[in-house]
Amino acid sequence: MKIKHAAIFLLAIFLLLMAFSNRAYAQATFPVDTTKLAERADETTTVSLDKNMLQFASRFLSSNDEDREARRIIANLDGIYVRTFEFKTPNAYSASELEAFRRPFAGPEWSHIVSVHGKEPNEDTDIYMRLVNGEVRGMFILAAEKEELTFVHILGPIKPEDLDQLSGNFGIPKRHGTKQQPRKEDEL
Amino acid sequence: MDEIEKALKTALQREPAPSGFADQVLRKASMRSMPVVPPVFPPLVPWWRMFPVRWAVAGVVVVACMVGGVAEHARQQRIRGEQARQKVLLALRITGTKLRQVQRQVVQRQVDKSDEEGAEPR
Amino acid sequence: MNPSWRTLEALLDKHQAMVFSIALRITGNRELAEEVAQDVFLELHRRLESVQSEEHALFWLRKVAAHRTIDAARRTARMPETVADVADLPGEGNQADPLLAQRLQQLVAELPEKMKAVIVLRYQEDLMPEEISQTLSMPVATVKSNLQRGLEILRRKTERVLR
């Protein structure tokens with residue numbers, strides 16, 4: 001009987017630890033909860049690549065310039081997680097929601113290195129770096145526009161030259177972003 | 001027109017479109033206009049009409065399944081790999097776009113600040 | 001029967017340089033400019049039957065090229081890293097100040113998108129402010145203000161080169 005109770009107790013502890021570690025892992029991979037945004041968004045883009053997936057993908061990157069740069073950038077990363085939410089109506093999220101997304105990065109581990117606020121409401125960009133023993137071990141970008149909200153979480157060491165590469169020549173796509181929808185101005 | 005405006009007219013003269021531009025547009029336009037022709041499949045031959053060769057066919061089918069299984073696995077792996085590659089590129093492109101957006105916002109700030117400083121009375 | 005000008009081929013022949021140049025000056029990227037310019041002509045092809053005259057086609061092409069390029073430039077928000085990304089130096093009439101032309105191209109490329117579009121339509125396309133206003137669906141006063149501010153910025157930044 002005692003053994004049975006002990007076994008149940010140990011199982012309960014194990015399950016509890018699993019639950020917490022899963023939550024901790026989820027938090028580490030994506031530190032903000034975007035479920036409500038996803039419910040409201042007209043279009044959502046989700047990319048979740050942990051270390052294994054990055055290493056797997058690396059094998060299939062080709063030798064063209066963009067792929068080579070990508071292979072170099074992701075070589076030491078532990079994960080890349082992107083969430084983009086597009087809304088048909090502007091200002092579909094509030095300033096207080098944005099503040100809530102910023103809160104996890106107020107801690108000592110994160111440095112708020114860029115904060116740009118546009119003239120219009122909901123046109124802000126924030127960039128945070130995670131420093132461990134003086135080394136960059138992660139980056140978080142929150143880019144807010146009237147009809148789009150983007151989160152980028154990169155785990156692992158990011159070098160300044162990687163950022164240069166990303167913000168310079170990297171990834172001007174062959175088909176630039178989403179297809180242009182016909183606009184009122186296009187009418188003849 | 002002052003000096004800067006004349007200089008702008010010179011600097012902003014029209015550039016010719018890249019060679020082959022018109023051909024490419026015309027080709028794409030004609031592809032969009034082409035009707036889609038559905039594929040035509042030959043009529044199936046009922047298997048019982050193939051009685052004399054059915055055992056050979058069965059053997060071939062078994063071997064083909066085995067080889068096909070391996071090939072199919074490799075194919076699935078390549079598909080998954082290509083999907084992973086596309087995801088990596090998409091993630092890095094989105095990141096690059098947002099970083100460029102910040103750069104642009106910072107430049108806009110500098111332009112606005114220069115304007116304010118220039119507009120201040122001396 | 002269709003008049004001879006109302007074919008995609010004829011309109012491409014006449015206006016491809018204009019559309020491509022507008023896209024190039026505003027995006028600062030040749031590849032992107034080519035893509036936008038193609039999209040504009042393909043859109044025109046879809047609507048060809050609705051084009052009423054050659055002038056109408058020209059107006060429509062300018063308008064759509066400007067709008068789509070501004071959108072594309074905002075999406076990519078790329079600043080050209082080298083002047084080679086923008087145009088080559090114009091061949092004629094610029095022997096005196098090749099550096100100034102190069103500098104101006106770079107400075108124009110760094111302006112905010114709408115200001116850039118106003119400058120390009122004024123000095124590349126020779127449009128008057130009222131025409132720019134119709135092309136960009138922008139009040140005339142805003143066009144004039146963007147022109148004035150844009151020129152002030154360019155004057156200040158090229159002062160040394162002009163002396």
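Colleague: Which residues of H1(C) meet H2(C)?
Modeller: From H1(C), the residues are Leu8(C), Leu11(C), Leu12(C), Val19(C), Phe20(C), Ala23(C), Leu24(C) and Thr27(C), and they meet residues of H2(C) including Arg30(C), Ala33(C), Val40(C), Phe41(C) and His45(C). By class, the residues of this contact between H1(C) and H2(C) divide into 14 nonpolar, 2 polar and 2 charged. Here Ala, Val, Leu, Ile, Met, Phe, Trp, Tyr, Cys and Pro count as nonpolar, Asp, Glu, Lys and Arg as charged, and the others, Gly among them, as polar. Two residues are in contact if their C-beta atoms, placed from the backbone, lie within 7 Å.

Colleague: Before we go on, how should I read the names, and what kind of model is this?
Modeller: Residues are numbered from 1 along each chain as its sequence is written, while chains are lettered from A and ligands numbered from 1 in the order in which they are written. This is a predicted model, in which local features need pLDDT of at least 70 and side-chain atom pairs count only at pLDDT 80 or more, whereas totals for chains, interfaces and linings use all residues. Helices (H or I, at least four residues) and strands (E, at least two) are DSSP runs, numbered from the N terminus.

Colleague: Back to that pair, at what angle do H1(C) and H2(C) pack?
Modeller: H1(C) and helix H2 of chain C, residues 30-46, pack at an angle of about 140 degrees, with their axes 8 Å apart. The axes are lines fitted to C-alpha atoms, for helices over the stretch in contact, and angles run from 0 to 180 degrees between N-to-C directions. H1(C) and H2(C) are therefore oblique to each other, given that angles under 35 degrees count as roughly parallel, over 145 as roughly antiparallel, 65 to 115 as roughly perpendicular and the rest as oblique. Their crossing is right-handed; a crossing is left-handed if the near helix is turned anticlockwise from the far one by less than a right angle, and right-handed if clockwise.

Colleague: And how does H1(C) pack with H3(C)?
Modeller: H1(C) and helix H3 of chain C, residues 54-76, pack at an angle of about 30 degrees, with their axes 9 Å apart. That angle makes H1(C) roughly parallel to H3(C), and H1(C) passes H3(C) in a right-handed crossing. Among the residues that meet there are Met18(C), Ile22(C) and Ile26(C) from H1(C), and Leu61(C), Ala65(C) and Ile70(C) from H3(C). The contact of H1(C) with H3(C) divides into 14 nonpolar, 3 polar and 1 charged residues.

Colleague: What about H5(C), which residues does H1(C) use there?
Modeller: In H1(C), Ile22(C), Arg25(C) and Ile26(C) meet Glu113(C), Lys116(C), Ala117(C) and Val120(C) in H5(C). That contact of H1(C) with H5(C) has 4 nonpolar, no polar and 3 charged residues. Helix H1, residues 8-27, and helix H5, residues 113-123, of chain C pack at an angle of about 140 degrees, with their axes 9 Å apart, which makes H1(C) oblique to H5(C).

Colleague: Where in chain C does pLDDT stay under 50?
Modeller: It stays under 50 over residues 78-96 of chain C, for which the model has 38 contacts beyond four places in sequence. pLDDT is the predictor's confidence in each residue, from 0 to 100. Chain C averages a pLDDT of 83, and 83% of its residues score at least 70, while chain B has a mean pLDDT of 78, with 72% of its residues reaching 70 or more. As for the model's overall scores, ipTM is 0.80 and pTM is 0.50.

Colleague: How many residues of chain B are in contact with chain C?
Modeller: There are 33 residues of chain B in contact with 47 residues of chain C. On the side of chain B that touches chain C, helices H1 (3-11), H2 (21-33) and H3 (54-119) of chain B each supply at least two residues, and H3(B) gives the most, with 11 residues.

Colleague: Now Ala91(B): buried or exposed?
Modeller: Ala91(B) is buried, with 25 other C-beta atoms within 10 Å, since a residue is buried if 20 or more other C-beta atoms lie within 10 Å of its own, exposed if 12 or fewer, and partly exposed in between, with C-beta atoms placed from the backbone. Ala91(B) is found in helix H3 of chain B.

Colleague: Which residues does Ala91(B) touch?
Modeller: Not counting residues up to four places away in sequence, Ala91(B) touches Val47(A), Leu49(A), Ile80(A) and Val82(A).

Colleague: And chain A, how many helices and strands?
Modeller: The secondary structure of chain A comes to 6 helices and 6 strands, and of its 188 residues 24% count as buried.
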